[in-house]
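Welcome, and please open the model in your viewer. We will go from stop to stop, with something to select at each one.

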Amino acid sequence: MTDAALPEAWQRAELPELPAGAASVDDFARTIYGRTPTGGHVTDVVLRSREEGELAHRLRHRATISCPLGDLELDTLLHLPVGTTPAPVIVALNFTGNDQTIDGDQAQRWPYAAIAAAGYAVLTVDYRQIEPDDPAPTTPGVRALFPAEAGSWGAVGAWAWGMSRCLDIAAAIDGLTTAGAVALGHSRLGKAALWAGAQDERFVLTVSNDSGCCGASLFRHPGGEDIAAITSRFPHWFVPSLSAYAGLEKSLPIDQHQLLACIAPRRVYVASAEDDAWADPIGEYLAVVAATPAFEGGGIGYHVRAGGHDLLEEDWRHALTFAQR
Ligand code: GCU
C-alpha cells in the first residue's frame with residue numbers, strides 16, 4: 001500500500017522518537033513478555049491420521065515435548081500441499097481447536113485451499129493446549145512444566161514458545177521443510193507470532209494480523225487498547241510489572257516498532273483492518289513506518305483492508321503474496 005492511498009490523518013501522525021534498532025529481545029523480555037526459559041524438546045511425533053486431498057493432504061500428529069517438570073502433549077493439524085515437496089511451513093496457532101479450522105466456527109479464517117495453492121504447508125495447534133488463556137488456570141499449561149525460577153514468562157510468551165516447538169515438530173515430519181518458515185497469528189496470537197519471530201531465527205517471515213496493543217501497534221500512538229486496559233483484563237499475558245506503565249506509555253523504555261526491528265533482517269508483514277479501532281490500525285501503520293529503516297529492500301510489508309477485527313482470506317492472500325516475493 002502506498003502512502004498516497006492512506007487517509008491524510010495517518011500521514012500526518014507523528015512517529016515515535018525511539019530509534020528502531022535501539023531495543024533488544026532482552027529489553028522486550030524484561031518489559032513485556034517475560035523471559036522464555038531454555039529447554040523443552042520434542043521427543044516424539046506420532047502420525048494419528050492422514051487424509052488424502054486434491055490440493056492438500058490433511059495429517060494429524062500427536063507430539064510429546066519433554067520439559068523439566070513433565071511432558072506436554074500437542075495435537076497438531078497439518079495441511080500439506082500436493083505437488084510441492086518439500087513445502088515450506090506456516091506455523092499459526094488457532095483459538096478453538098483444530099477441527100474448528102476445517103468446518104467449524106473458525107473455518108473462514110483458514111483458507112486451506114488458497115494456502116496450498118501458494119505452495120505452503122500450514123501447521124496449527126489449539127493455543128490453549130500450550131497454555132490456558134486464563135489468569136487462574138485450572139488445568140496446567142507449559143508454564144507449570146518449568147521451575148518458577150526459569151522466568152516470569154506470560155501466556156503470550158508461552159504461546160510463542162509453542163510456535164517454536166511447532167517448528168521442531170514440523171522438522172520431524174516428511175514432506176516439509178523448516179527452511180523458509182513463517183510465523184503467523186491473529187490478534188492475541190499475532191502478539192505471540194511477533195514474539196516468536198523476534199526470538200526464533202528459523203522464522204524467516206513473521207505475519208501479524210490485527211495484533212494491536214503489545215503486538216504491532218505503537219504504545220505511543222493514542223487510540224485503541226492501552227496498557228491499563230490490557231493488563232487489567234489479561235494480567236496473565238505479560239510480566240506483572242507491565243501494569244506499572246498503565247497511563248505512563250510515554251515512559252516505557254521501548255515501543256513496538258522496535259519489536260518489529262528486532263526481527264530484521266528477517267521479514268515482517270503487518271496486516272490491519274480499518275474498523276478495528278481496538279487494535280489501532282493507525283498505530284500499527286506508524287510502527288511499520290518507524291521500523292522500516294531497520295529493514296532492507298522491502299523487508300517489511302503492510303496492508304490495511306476494509307472491515308473489522310478478523311483474519312480473512314484477503315489477509316492471507318496479501319501475506320502469501322509477500323511471502324512468495
Ligand atoms: C481482546 C484484547 C486484545 C486481543 C483480542 C484478541 O480484544 O483486548 O488485546 O488482541 O482480544 O485476541 O482477539
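How many cavities of 30 Å³ or more does a search of the whole structure find? The search finds three. A cavity here is a set of points, on a 1 Å grid over the protein atoms alone, where a 1.4 Å probe fits but cannot get out, and lining residues have an atom within 4 Å of a point. Grid points are joined across faces, edges and corners, and a volume is the space filled by probe spheres set on the points.

Before you select anything, note that this is a predicted model, in which local features need pLDDT of at least 70 and side-chain atom pairs count only at pLDDT 80 or more, while totals for chains, interfaces and linings use all residues. Residues are numbered from 1 along each chain as its sequence is written, and side-chain values use heavy atoms, with hydrogens and water left out.

**Stop 1: the largest cavity**

Select Leu93, Phe95, Trp110, His186 and Leu311, which lie nearest the centre of the largest cavity among its 13 lining residues. Its volume is about 70 Å³. Strand E6 (residues 176-186) gives the largest share of this lining, three residues. Helices (H or I, at least four residues) and strands (E, at least two) are DSSP runs, numbered from the N terminus. The lining of the largest cavity has eight nonpolar, four polar and one charged residues. In this count Ala, Val, Leu, Ile, Met, Phe, Trp, Tyr, Cys and Pro are nonpolar, Asp, Glu, Lys and Arg are charged, and the others, Gly among them, are polar.

**Stop 2: the second largest cavity**

Next, select Ile90, Val182, Leu184, Leu205, Val207, Trp316, Ala319, Leu320 and Ala323, the lining of the second largest cavity. Two or more of these lining residues come from each of E6, strand E7 (203-209) and helix H11 (313-324). H11 supplies the largest share, four residues. The volume of the second largest cavity is about 50 Å³. By class, its lining has nine nonpolar, no polar and no charged residues.

**Stop 3: Asp315 in H11**

Stay on H11 and pick Asp315. Is Asp315 buried or exposed? Asp315 has 3% relative accessibility and therefore counts as buried; buried means under 20% relative accessible area, exposed over 50%, and partly exposed in between (1.4 Å probe, protein chains only). Leaving aside neighbours within four places in sequence, Asp315 is in contact (heavy atoms within 4.5 Å) with Asn209, Ala271, His303, Arg305 and Asp310.

**Stop 4: helix H9**

Select residues 256-263, helix H9, where eight of eight residues are buried. These buried residues pack against helix H2 (25-33), helix H7 (188-199), E7, strand E8 (267-273), helix H10 (281-291) and strand E9 (300-305). Move on into the loop between H9 and E8 to find Pro265. The peptide bond joining Ala264 and Pro265 is cis, with omega about 5°. Another cis bond runs from Thr85 to Pro86, with omega near -10°; Pro86 lies in the loop between strand E3 (70-81) and strand E4 (87-91). For background, most residues other than glycine have a negative phi, and most peptide bonds are trans.

**Stop 5**

Where is Ser187? Look in the loop between E6 and H7. Ser187 has a positive phi of about 60° although it is not a glycine, and it is buried, with a relative accessible area of 14%. Now show the ligand, which is surrounded by Ser187, Arg188, Lys191, Glu225, Ile230, Arg233, Phe234, Trp237, Trp278 and His309; a residue is near a molecule if one of its heavy atoms lies within 4 Å of it.

- A polar side-chain atom of Ser187 lies 2.6 Å from an oxygen atom of the ligand.
- For Lys191, a polar side-chain atom is 2.9 Å from a ligand oxygen atom.
- For Glu225, a side-chain N or O atom is 2.5 Å from an oxygen atom of the ligand.

How values were computed
1 Å grid on protein atoms, 1.4 Å probe; cavity = no way out; pocket = protein on both sides within 12 Å on 5 of 7 lines; lining within 4 Å. Polar contact = N/O pair within 3.5 Å; in protein donor to acceptor, adjacent residues only side chain to side chain.
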